[in-house]
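Dear colleague,

I am passing the structure on to you below, followed by some notes on what was found in it. Please read them alongside the model.

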Amino acid sequence: TFFFTTTMMAERIVSFFLLPILTKSLTIEEYAIWTQSIIIVGVLVPIVLLKFETTIIKFLPLLNKNRKKQNSLILFMIVLILCFFSLIAVIILLLDDQIANFIFGDHRLSFYVPLLIVLLFSEVIFEFLIGVLRVANKIKKLSIYLLMKGVWRAGVLILVLIIIDGSYYLALSSFVLFQLIIILFLFFFEINPVLLFKSGLKTSKPYWSKVIKFSLPLVPYIVLLGINNFVDRFFIIHFHGLKLLGIYAAGFSLAVIVTFIHSTISFMLFPELSKLWVNKNKNKNKIKNLIQKVVISYLALSIPFLIFILIAGVDFISLLTTNQYNITSIEIFLITLNIALFGLHQIIYYVVLLDRGSLSAPRIMTIVVFINIVFNALLIPNYGIFGAALAGFLSNAYLAIYTIVLSKKILKWNYPILVNIKILFRSLIMGIVIWQSIHWLGNDLLSLLVTLIFSGFTYILLDFFGDKNSSFISLTKLSILYRRKS
């Protein structure tokens, strides 16, 4: 866990520094096209994968280490993924003008569409590979691959945009082609296609219906999830254009750092929770204890980040971008809170998923998406970024509350409300330190770094000497969050 967390932190740092590289090298419209391209591909990846990257974690351990059956099941998944990808690619190419108008608000940008298809293919292959390595418990290896992916993305863009002063289109196409080559090499290195074909499809045939039954209901869920998380971008682009989307995307790039917390926790939590759920009645107390500990740990990290964003977010945006990227403190705070609430839902929802199966997923998200679309339609035309941020907050607040209530019915666990208050109190003290430091030292790069270090150290001390039930350090001991007691 510690190695994975450290590597992911390094990858996020590398990715984060793409923000000043891109915003200072590209026009605001080109930056909007970049972020929109990455978002669209990110939304499509789990759909094209048919959620097999999650399903494989549930079903491969059930084959009792029968390598032939496991390879056969992997082959079955790959065949379906490739067929579905081919269908989607053909449809996108045939409707390239309409797709470009939908994504970018301008049909003249259709020349980007083929690049998006190639990028989608490489991302699909990579995510499936990560799923295979994850179920094989090769955490160190997949962590290195994830870090490599962040490094080569930044490296190619720096090379083309800064060193050789190339165009954005050259930078994007170079990145897409380089990534495709590297990922195909890694895939064939880790997953021997000869062994897969030798295993054949028939070996795993008894499991096909179970796999499909678990996986397919997750596809509409992931579609709805993508709509919920990113529909605001399409309202912005069609009502206000690429320029405002670029500003929104820059604020989102800083806010999205909070996903490092819940994505790391979720990545490690689901396999562990799945193992405990096999004997749910026997392990009920362990499951409750694990969920309680994980939620408190998440809150102990995300709440102080929210306070930091509220007070210093605009200063960091100004430092990392240009004077074209004007966003208010409340806007960037609401965007971050929106993401943090979704992270809370994602962590707790595993309880609902394991107890009630994947069929429950689309029902929950349908209501949330309806709420989000309605508020986006009402707020964005008149209020722009603030309307988008507020709509996202309202829909994800409902989603988080609904998931907590549902999980409490299943596990009879107590959501740590009092702990929330304790963590918030510590975070507000840290916030005062940030506010005063910026007031005294200023908001240049060196001053903000000193402020960040000093306020972080303040929060660590408050956490260390605080109540053990709400202390991240006490709960996790920094490295044993997911180790079960013997």
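Which residues does D106 touch, not counting residues up to four places away in sequence? D106 touches A100 and N101, where contact means heavy atoms within 4.5 Å.

Please keep in mind that this is a predicted model, in which local features need pLDDT of at least 70 and side-chain atom pairs count only at pLDDT 80 or more, while totals for chains, interfaces and linings use all residues. Residues are numbered from 1 along each chain as its sequence is written, and side-chain values use heavy atoms, with hydrogens and water left out.

D106 lies in the loop between α6 (96-104) and α7 (helices are DSSP runs of H or I with at least four residues, numbered from the N terminus). D106 counts as buried because its relative accessibility is 18% (buried means under 20% relative accessible area, with a 1.4 Å probe and protein chains only). G105, which follows α6, has a positive phi near 75°.

Within α6, the buried residues are A100, I103 and F104. They cover an arc of only 75° around the axis, and therefore sit on the same side of α6 (the arc is that of the directions from the helix axis to the C-beta atoms). These buried residues pack against α3 (28-48), α7, α12 (218-239) and α13 (242-255).

As for α7, F52, E53, I56 and I57 in α4 meet E127, F128, G131, V132, R134 and V135 in α7.

With kind regards

Conventions
Helices (H or I, at least four residues) and strands (E, at least two) are DSSP runs, numbered from the N terminus. Buried means under 20% relative accessible area, exposed over 50%, partly exposed in between (1.4 Å probe, protein chains only).
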